[in-house]
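Welcome! Have the model open on your screen, and try each task before you read its solution.

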Amino acid sequence: MIEIIKNALNNMKLQKKMRFISILAVLIVGLASFTSMGLIMQHNNRLLYDKVADSMSQSAADIEASLNNIKTLSGLIITDAQLQEQLGAYRSLKSPYEKNEAISRMQKILLSYYNQYSSNYIDSIHLDLDGRTVKTYLNHLDTAPEEVMAPILEEVKPMRGAALWINDYSSEYGIILARSVRKLDRLDLTHMGTVSIFIDFYSMVRDATHARKQVTDNYYLIFDENHKLVCYPEEFSVSEADGVRKEALAPYQVIDVSGRKYFTVKNTLSINGSNIRYNWDYYCLTPYTDMYRSIFTIYINCSIILLAALLLSVVLSDTLMRNITKHFDYLIQKMNRFRNSDMELLEIGYDYGKRRDEIGMIHNTFNTMATEIRQLVTENYVNELLKKEAQLKALEHQINPHFLYNTLESVNWRAKDIGAADISAMVESLGALLRLTLSTKENHFTIRKELEIVCSYMTIQKIRYENRLRYDISIPAEYLDVEILKLTIQPLVENAIQYGVERNREGCHILIGAQREGGILYLYVKNDGSEFEENILEKLADSSVIPRGLGIGLLNIHKRLRLAFGEGFGLSLYNEDDLAVARIAIPYTYLKEESPDAETDHRG
């Protein structure tokens, strides 16, 4: 994998390499920036956690102190000597009046304790006496109904004076501390009543957190050891508060509550009972939406800046590299021009002789080398070519085409005089064939002219092979003036005759047709009596099959077509429905030099 990436980078163009380096540098800087921002945010969250946790620890200590004071208060009440005396007297009195007097005295005792400890968020103190209840006045809480108190009184009785914290009705009546009052005289420990202290826990938590608050607009949630909600602000519903408990598992994290984000810190609130210690979950929620939006805005702005820097680096690197690579492009153009145009040097219009950098050295060295090569070629190779060309010209001038045409015309008239129609037809076709193939005046050659060559050639062959050779030419008129290379169809027909007639006693039927598909025109030469070897062109090209005779011609046709029209065109050889098919693919380029006649249809 590393080797593949290395090769890809090595083969990448210089401008792309520079662009890649610029983009990579910007991405590295951007990644480092985002990483730094993430570390800063983690540090900021840690500082926020430390601040909130410290505030929660102090407020938790205040709450625990208040609850312990209330627990101490309950111990003082149940052991108060006067209360013990009045409870004992109450149980022995028979007169309703005297009982009411005892209740009044007990109420005064409770009120004295209430007034002394009311700053500990006590709303009311109750003393239940088997059917009657002694109460202090209430601040804001309603009196708990009998169906609420009855199970509490039954649960307290067997606890032998131990403190029982009850938070099942915290939203309606606050937290309740209940203890059984036992007779202390002579350690009798007989149950004489139940003291219930109603605590405004919500106000206790609110005041404790506000006194210690270091971050504004905090919200607090408290759950008991059974995950029952004890205290929550009015801004939250019970389901939202329970969702916070389920989601906030880490010491601190950002959570989403109904589309609002909060930085949540978890702590523990310890409450002492007589024999057990209650550990309640204590949550502080700091609004985080505005901070989160600010962070998100910072990330968006950084992303925009990073993208702008990336685009700017690409533009600047492209501009810089374009000024560098254009000189390499000029060098490539000069090399291609030198290679493809008889070693002619391309004039760039830029003086590299004044440059002393690597680019100037490369261009100056190439110019010097090209000049020396051109001089060597001029002295040796060109002189040899001129010599060969002179020999060819001398050979051409030895043959007079007009002499050939006049001689064939004389033979034709002589054949007509003696009634030799076949000889006359062969001579006329041979003359037409020579005139078309030897002509060098026409720059463009069309299918129409190529078919004239084919028809002249087929006339001669038809007389030679008689009924053993049959052929059909069917090409629509609109295709006749499409440009084609000279002598492309005729060699294919000659190949079909050689393998379909000369090597087959039963004769041969040749079909010549055309078909257009989009911008490509396909010409077909099909014949029966022979077949092509599979992948014959590829085998001729790689010399796995030695070309002889017409094999060389077929390969030359294919190469000529590809050189003239491009890689998508050429010759294809294959077999179809017991016919050997030679297909030529050429571009559909229509030459309007001649008026199309009706569809060309020759049969023989």
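**Exercise 1. Decide whether Asn535 is buried, partly exposed or exposed.**

Step 1. The relative accessibility of Asn535 is 44%.
Step 2. Buried means under 20% relative accessible area, exposed over 50%, and partly exposed in between, with a 1.4 Å probe and protein chains only.
Step 3. Asn535 therefore counts as partly exposed.
Step 4. Now find its place: Asn535 sits in the loop between strand 13 and helix 16 (536-541). Helices (H or I, at least four residues) and strands (E, at least two) are DSSP runs, numbered from the N terminus.
Step 5. Look at the backbone too: phi of Asn535 is near 55°, a positive value in a residue other than glycine.

A word on the model: it is predicted, so local features need pLDDT of at least 70 and side-chain atom pairs count only at pLDDT 80 or more, while totals for chains, interfaces and linings use all residues. Residues are numbered from 1 along each chain as its sequence is written, and side-chain values use heavy atoms, with hydrogens and water left out.

**Exercise 2. Find the loop that holds Asp578, and describe this residue.**

Step 1. The loop with Asp578 runs between strand 14 (570-576) and strand 15.
Step 2. With a relative accessible area of 76%, Asp578 is exposed.
Step 3. Its phi is near 60°, again positive in a residue other than glycine.

**Exercise 3. Work out the strand order of the open sheet of 5 strands, and name its edges.**

Step 1. Two strands pair if DSSP finds at least two bridges between them.
Step 2. The order is 2-1-5-4-3, and the pairing is antiparallel.
Step 3. Strand 2 (132-135) and strand 3 (164-166) are the edges; each has a single partner strand, so one side of each has no neighbour in the sheet.
Step 4. From one strand to the next, the twist averages 25°. Axes are lines fitted to C-alpha atoms, for helices over the stretch in contact, and angles run from 0 to 180 degrees between N-to-C directions.
Step 5. Zoom in on one pair: strand 1 (residues 122-129) and strand 2 are joined by 4 bridges. Leu127 has Val134 in strand 2 as its bridge partner.

**Exercise 4. Which strands does helix 5 lie across?**

Step 1. Contact means heavy atoms within 4.5 Å.
Step 2. Helix 5 (residues 146-156) lies across strand 1, strand 3, strand 4 (175-182) and strand 5 (191-199).
Step 3. Its direction is at about 45° to strand 4.
Step 4. For practice, turn to helix 4 (residues 96-117), which lies across strand 1 and strand 2 and runs at about 155° to strand 1.

**Exercise 5. Describe the surroundings of Thr194.**

Step 1. Thr194 belongs to strand 5.
Step 2. It is buried, with a relative accessible area of 2%.
Step 3. Leaving out residues up to four places away in sequence, Thr194 touches His126, Leu127, Asp128, Leu153, Val156, Ala178 and Arg179.

**Exercise 6. How far apart are Val52 and Thr264, in sequence and in space?**

Step 1. Val52 is in helix 2 (residues 14-79), and Val52 is buried, with a relative accessible area of 2%.
Step 2. Along the sequence, Val52 and Thr264 are 212 residues apart.
Step 3. In space, C-alpha to C-alpha, Val52 and Thr264 are 9.2 Å apart.
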